[in-house]
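Please go through the report below with the sequence and the coordinates side by side.

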Amino acid sequence: MAEGCMMALRYGMVFFNLLFWLGGCGILGVGVWLSVTQGNFATLSSSLPSLSAANLLIAVGTIIMVIGCLGCVGAVKESRPLLLTFFILLLLIFFLEILSIMLFYIYQDEIDHYAQRDLKKGLQLFGTEGNVGLTNAWMIVQTDFRCCGVTNHTDWFEVYNTTRVPDSCCLEYSDNCGLDNPGTWWTAPCYERVKDWLNENLVALWIFALCTALTQILGLVFSMTMFCQAVKVETFYA
């Protein structure tokens, strides 16, 4: 009976971590593809230039792959050290996620203020050498969200030292349209537009977060149960 339970746990753990590992491979692959084809895509922060979509996906994908590999090998070999390491790492990530969410809601106003200030500093790097990722990111954000600047279109006046905006701010795109009359530009603030979009998709974000949390809890239960079973079996045969 104990052997049958152990076998079922092993297969369940291997299947779970194989999916976990494949998910990490997929995320890593997308990150590498973005890095190769788009450079530092979606880099908006001037103080954290390495915090791009590509680098973030590569880091997350690598971490998921390593953890999934640990759990898979630990299950196949019934290795208590590997199972315990898998459990501790997954538990640490789980607590860090909860802590991050709590801190975000507690310091939401401060984060808003810092983010807007940092994004405005980042505008100064728009179109400059070595900042292709930031430039592309702002062009995509302003075009897709039909907005201009961080808090309003006048943010760009400080960048150009004149009354003009990037061409991606124009209602109808054309070369040098950012030099035309302000009536031809988007006036909505990008920061608020992105926040509104996130609020509109809040249910989907919470569902994703819940699914992620349930997956992690399932991994914690599987690994600890298998670890305890391995201890019992070793004690029984000792």
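Cysteine 148 is joined to cysteine 169 by a disulfide, a term used here for a pair of cysteine sulfur atoms within 2.5 Å, and the S to S distance of this pair is 2.1 Å. The link of cysteine 148 and cysteine 169 is right-handed, with 90° about the S-S bond. It connects distant parts of the chain, since cysteine 148 sits in the loop between α5 and α6 and cysteine 169 in the loop between α6 and α7, 21 residues apart. Helices named in this report are DSSP runs (H or I, at least four residues; strands would be E, at least two), numbered from the N terminus. Both cysteine 148 and cysteine 169 are buried, where buried means under 20% relative accessible area, exposed over 50%, and partly exposed in between, for a 1.4 Å probe and protein chains only.

The model is a predicted one, in which local features need pLDDT of at least 70 and side-chain atom pairs count only at pLDDT 80 or more, while totals for chains, interfaces and linings use all residues. Residues are numbered from 1 along each chain as its sequence is written, and side-chain values use heavy atoms, with hydrogens and water left out.

How many disulfides does the rule give? The count comes to 3 disulfides, and with bonded cysteines counted along the chain they follow the pattern 1-6, 2-3, 4-5.

| Disulfide | S to S distance | Angle about the S-S bond |
|---|---|---|
| Cysteine 147 and cysteine 190 | 2.1 Å | 95°, right-handed |
| Cysteine 148 and cysteine 169 | 2.1 Å | 90°, right-handed |
| Cysteine 170 and cysteine 177 | 2.1 Å | 110°, right-handed |

Cysteine 147 and cysteine 190 form a disulfide with their sulfur atoms 2.1 Å apart. Because cysteine 147 lies in the loop between α5 (132-145) and α6 (155-160) and cysteine 190 in helix α7 (residues 190-200), this pair ties together parts that are 43 residues apart in sequence. Cysteine 147 is buried at a relative accessible area of 0%, and cysteine 190 is likewise buried, at 2%.

Cysteine 25 is in no disulfide, and the nearest cysteine sulfur, that of cysteine 69, is 9.6 Å away; cysteine 25 is partly exposed, with a relative accessible area of 26%. Cysteine 69 is also in no disulfide, the nearest cysteine sulfur being that of cysteine 72 at 7.1 Å, and at 40% relative accessibility cysteine 69 counts as partly exposed.

Serine 223, which lies in helix α8 (residues 202-237), is buried with a relative accessible area of 0%. Which residues does serine 223 contact, leaving aside its neighbours within four places in sequence? They are Met13, Leu83, Phe86 and Phe87, where contact means heavy atoms within 4.5 Å.

The axes of helix α3 (residues 80-106) and helix α4 (residues 108-123) come within 5 Å and cross at roughly 80°, which makes α3 roughly perpendicular to α4. Axes are lines fitted to C-alpha atoms, for helices over the stretch in contact, and angles run from 0 to 180 degrees between N-to-C directions; angles under 35 degrees count as roughly parallel, over 145 as roughly antiparallel, 65 to 115 as roughly perpendicular and the rest as oblique. In this contact, Leu103, Phe104, Tyr105 and Ile106 of α3 meet Gln108, Glu110 and Ile111 of α4.
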